[in-house]
Amino acid sequence: YANSLGFIGGYPYSRHSVSCVAIAEQNGAKQRDYWYSVARDVRDLETIEQIGRKAGKRTVARLDARQIATCEVPVLFEAPVAASLLGHFASAVSGSNLYRKSSFLLNCMGQQVFADNINIRELPHLPKGLASSVFDDEGVATTMRDVVENGVVLGYFLSNYSARKLGMQTTGNAGGVHNLIIDNGDPLSFEAMLKQMEKGLLVTELMGHGINTVTGDYSRGASGFWVENGEICYPVEEITIAGNLRDMFRGIAAIGNDIIVRGSKQSGSILIDHMTIAGG
């Protein structure tokens with residue numbers, strides 16, 4: 001990258017991925033699921049055998065899926081889909097949405113937005129990080145920083161242009177975020193999160209884009225598994241999960257240690273204390 005201010009810089013990078021999609025059929029009904037692995041270093045990829053086995057097991061587990069009645073229960077977002085919640089936060093506090101006043105988190109700097117044990121950090125120099133970078137798309141140096149501490153927002157994601165519109169300084173985020181990581185200081189195993197939820201919905205796939213960035217209203221098609229007594233009971237499909245992102249962020253009850261790195265946002269499974277499930 002080069003600009004008229006005299007900056008010239010560049011660096012090489014690598015990216016490897018392997019994926020598998022499986023289809024299963026039982027009594028004329030079909031289900032599909034997948035698994036994939038992505039890494040900077042090819043040696044960090046899951047093996048082809050592991051990926052194929054996981055894709056197959058996940059697909060078979062979805063056979064004989066049911067609908068459930070409308071209810072309000074805790075919802076556990078499995079790690080591969082939990083990172084999308086982090087993405088919604090990043091979008092809400094990005095400069096482009098803030099200066100256009102199209103965010104439900106306007107003027108949230110210094111405000112309690114998450115549960116008081118939640119921290120979010122940006123680590124742009126993480127070794128082998130999929131979004132690691134020494135400078136952003138405008139040549140601004142990136143720095144490690146706390147974006148949320150104890151649930152309180154400490155920073156936005158700004159480019160030079162959006163920063164000027166807001167009367168602020170760039171944060172080195174032209175082009176996006178750099179390895180955004182959420183934790184609560186006490187991550188649980190996936191099994192422990194199921195036990196804590198006791199009864200509710202485990203979401204393994206999300207569909208549609210029913211997120212209103214202005215109001216924070218959240219409504220998406222989903223599939224996954226119904227949980228009773230901390231145990232997965234049966235697969236469910238053709239349901240909608242709904243809530244408001246403000247309530248969801250404040251309602252984070254637990255975060256898992258089962259982080260799966262697939263992009264610029266990293267999270268273990270996330271347990272939300274309650275959401276509305278619209279079923280059959």
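Predicted model: local features only at pLDDT ≥ 70, side-chain atom pairs only at ≥ 80, totals over all residues.
1. Partly exposed covers the range between buried, under 20%, and exposed, over 50%.

2. What joins Arg121 and Asp183? Their side chains meet in a salt bridge, with 3.0 Å from N to O. Arg121 belongs to strand 4 (residues 119–122) and Asp183 to strand 7 (residues 180–183), so the pair ties together parts that are 62 residues apart in sequence. Side chains of opposite charge can pair when their charged atoms come close.

3. How many salt bridges does a search of the whole structure find? The search gives 13. One of them is between the side chains of Arg58 and Asp33, at 3.7 Å from N to O. Arg58 sits in helix 1 (residues 48–61) and Asp33 in strand 2 (residues 29–39), so this pair links parts that are 25 residues apart in sequence. Both Arg58 and Asp33 are buried.

4. Lys195 and Glu231 form a salt bridge through their side chains, at 2.9 Å from N to O. Lys195 is in helix 5 and Glu231 in strand 10, so the pair ties together parts that are 36 residues apart in sequence. Glu231 is partly exposed, because its relative accessible area is 44%. Salt bridges that share partners also join Arg32, Asp33, Arg58, Arg62, Glu78 and Glu205 into one network.

5. Which residues of helix 5 (residues 190–197) are buried? Phe190, Met193, Leu194 and Met197 are buried there. These residues cover an arc of only 100 degrees around the axis, so they lie on the same side of helix 5. The cover over the buried residues of helix 5 includes strand 3 (71–77), strand 8 (200–207), strand 9 (217–228), strand 10 (231–244), strand 11 (252–255) and strand 13 (270–278). Just after helix 5, Glu198 has a positive phi of about 65 degrees.

6. The last point concerns the surface. Tyr11, Tyr13 and Val134 make a nonpolar surface patch of about 350 Å². Tyr11 is in the segment before strand 1 (16–26). Its relative accessibility is 38%, so Tyr11 counts as partly exposed.

Technical notes: Residues numbered from 1 in each chain as written. Heavy atoms only, no water. Patch = residues over 30% accessible without salt bridge, like charges linked within 9 Å, V, L, I, M, F, W, Y side chains within 5 Å. Areas by Shrake-Rupley, 256 points an atom, 1.4 Å probe, with all protein chains shown as cover. Salt bridge = Lys/Arg side-chain N within 4 Å of Asp/Glu carboxyl O. Helix = DSSP H or I, 4+ residues; strand = E, 2+ residues; numbered from the N terminus. Buried < 20%, exposed > 50% of the residue type's maximum accessible area, 1.4 Å probe, protein only. Arc of directions from axis to C-beta. Contact = heavy atoms within 4.5 Å.
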